[in-house]
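Here is a short briefing on side-chain contacts, written to be read with the model open beside it. Please take a look at the structure, then follow the topics below.

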Amino acid sequence: MVFRKPPDGGWGWVIVVVSFFTQFLCYGSPLAVGVLYLEWLDAFGEGKGKTAWVGSLANGIGLLASPVCSICVSSFGARPVAIFSGFMVAGGLMMSSFAPNIYFLYVSYGIVVGLGCGLLYTATVTITCQYFDKRRGLALGLISTGSSVGLFIYAALQRELIELYGLDGCLLIVGALSLNILACGSLMRPLESSRSPPPEKTCGDKVPDQYFVYHEKEKTVEENISILEKGYIDEKCANNVPDCKQDSLLNKNILSSINVNEKDTYKKKVVEQTNFCKQLAKRKWQLYLTYWKETVVLFKNKVFSALFVAILLFDIGGFPPSLLMEDVARSANINEDDYYMPLISIIGIMTTVGKLILGILADFKWVNTLYLYVTTLLMTGVALFAIPFAKSYLTLAMLSAILGFLTGNWSIFPYVTTKTVGIEKLTHAYGILMFFAGLGNSLGPPIVGWFYDWTQEYDTAFYFSGFCVLLGGFLLLLAALPCWNACTNQSPKLPPNTYSYKVASSA
């Protein structure tokens, strides 16, 4: 497939708009799942740790399956994947309204909706990158705010829908709204040349055709011989009966000799195909070996190793507030009349602000993005330590705003990764880091919930969360200070014949 030069405008702005609304519609409910979390606690009566798995799976499964999502988009295109994923998200939300127990929600909301969101994120990022080159950063920044705006709006929307129609009605309506993803996906017209030449068949594709021709040839020879044999035998049998059997045996011998030659040719073809499969398997095996060699080289970089630990610990400790903050307020016996805005909505709008401001700061030459990222980690750890001391709506709202702003460091994380490993190894390194980020997203809320189940209070849980984030920040700082130049400018060279791997990223 031959793509035209990215237009950096035109229909590309339509792609930006529909990608923004796609992320708004698919990520709105999973990111604002804290509102639903309270209802599921009351409806099923399970522990906080077990119930928290629903929201953590919905937000982490897309990252864990990012390689699969990338393969699907590369194989089928952004538009078909977006339309199919729209059905997944809408269907998962609607099925969740009929959930008889928490285990059903693990599949319907956690896996189906989460995987659909991961596919949609990959599709929107891929199609946007195809339409933009010089303005790619701006375009990606605009579509990435769709998830944060969705968190802000869906937190209040789901609470209102629950009051009016109950939990089941809320999920049905939100699922119906998600069907608008189908309209957005249908507008993701692929950017490809109309005069692109047809793809040439590879060696592997030509082999079946050869066998097809061979079988046709074999069939034709046998049919022709059968026709000639039948006509000749009929004629001889009409004139002389004794000669009939002799000629019949003679023709059968001729036919068998032809079949032997054809079978020899067939055996040669089988041997050729077997050798081709062996060579293909050997090349694939070399590809996997090269991939693991590149991975080992990456982990020899001290800053990258510390970054991998930091992102894992940050998501274990920093993600739970967006899911559990509403339950923290209820556990603190805060009157609902004091609520001016849902705490999750505050986190969502401040995450948008954080992404924009931190992204702008990262563009300044005098700002070291690694140190900026470390600063956000350390500040997040301090804010998490302060949550147990917040006993009013105002203090919780302020902490929610701070945590939301600092969570916007996702916008500078690609900068940090590029600064650490270089642009050549960005896709490989980013894929590894996003996998562990998804692992942290999946584990963080259940761990905090389990702490509450054991102690019947959130203080110990958030002390643990703050410790995890601070530990990751200090490890990254220690790895960066003494050997920053050595790790970035003198990183070990990759072995020859490197391969790039396309991955998805987080919302």
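**Charged pairs and packing at a glance**

A network of salt bridges links Asp42, Lys48, Asp327 and Arg330; a salt bridge here is a side-chain nitrogen of Lys or Arg within 4 Å of a carboxyl oxygen of Asp or Glu. The model is predicted, so to speak of local features a pLDDT of at least 70 is needed, side-chain atom pairs count only at pLDDT 80 or more, and totals for chains, interfaces and linings use all residues. Residues are numbered from 1 along each chain as its sequence is written, and side-chain values use heavy atoms, with hydrogens and water left out.

**Overall make-up**

- The chain has 18 helices and 0 strands, where helices (H or I, at least four residues) and strands (E, at least two) are DSSP runs numbered from the N terminus.
- Of the 507 residues in the chain, 48% count as buried; buried means under 20% relative accessible area, exposed means over 50%, and partly exposed lies in between (1.4 Å probe, protein chains only).
- Among contacts (heavy atoms within 4.5 Å) between residues at least 6 apart in sequence, 85% join residues at least 24 apart.

**Salt bridges**

- The whole structure holds 5 salt bridges.
- Arg330 and Asp327 meet through their side chains at 3.5 Å, N to O. Both lie in helix α12, 3 residues apart, or about one turn of the helix.
- Asp327 is buried, with a relative accessible area of 1%, whereas Arg330 is partly exposed at 37%.
- Arg159 and Glu326 form a salt bridge at 2.7 Å, N to O. This pair links distant parts of the chain, with Arg159 in helix α7 (residues 136-178) and Glu326 in helix α12 (residues 320-331), 167 residues apart.
- Glu326 is buried at 2% relative accessible area, while Arg159 counts as partly exposed at 24% relative accessibility.
- Glu46 and Lys50 also meet in a salt bridge, at 3.5 Å, N to O. Glu46 is partly exposed at 29% relative accessibility, and Lys50 is partly exposed at 31%.

**Aromatic pairs**

- Rings of Phe, Tyr and Trp (its six-membered ring) pair if their centres lie within 6.5 Å; planes under 30 degrees apart count as stacked, over 60 as edge-to-face and the rest as tilted. By this rule the count comes to 18 aromatic pairs.
- Trp40 and Tyr109 make an edge-to-face pair, because their ring centres are 5.3 Å apart and their planes stand at 75 degrees. Trp40 belongs to helix α2 (residues 33-44) and Tyr109 to helix α6 (residues 102-131), so the pair ties together parts that are 69 residues apart in sequence.
- Trp40 and Tyr109 are both buried.
- Phe435 and Phe436 are likewise an edge-to-face pair, at 5.5 Å centre to centre with 85 degrees between the planes. Phe435 counts as partly exposed, at 36% relative accessibility.
- One aromatic cluster is formed by Phe20, Phe21, Phe24 and Tyr154.

**Charges over rings**

- A charge sits over a ring if NZ of Lys or CZ of Arg is within 6 Å of the ring centre and within 35 degrees of the ring normal.
- Lys48 places its charged end over the ring of Tyr452, 4.5 Å from the centre. Lys48 is also a member of the salt-bridge network.
- Arg189 lies over the face of Trp11, 4.3 Å from the ring centre.

**The nonpolar core**

- A nonpolar core is a set of buried Ala, Val, Leu, Ile, Met, Phe, Trp, Tyr and Cys residues joined through side-chain atoms within 4.5 Å. The largest one has 123 residues, and those with the most contacts inside it are Leu36, Tyr109, Leu343, Tyr373, Tyr458 and Leu476.
- Helix α6 gives the largest share of this core, 12 residues.
- Domain 1 (1-191) and domain 2 (275-484) both contribute residues, so the core lies between them; the domain bounds come from an automatic or database domain assignment.
- Setting aside residues up to four places away in sequence, Leu476 touches Val303, Ala306, Leu307, Ala310, Leu370, Tyr373, Val374 and Leu377.

**A buried serine**

- Ser400 is in helix α15 (residues 393-407) and counts as buried, at 0% relative accessibility.
- Apart from its neighbours within four places in sequence, Ser400 is in contact with Met325, Leu343, Ile346 and Ile347.
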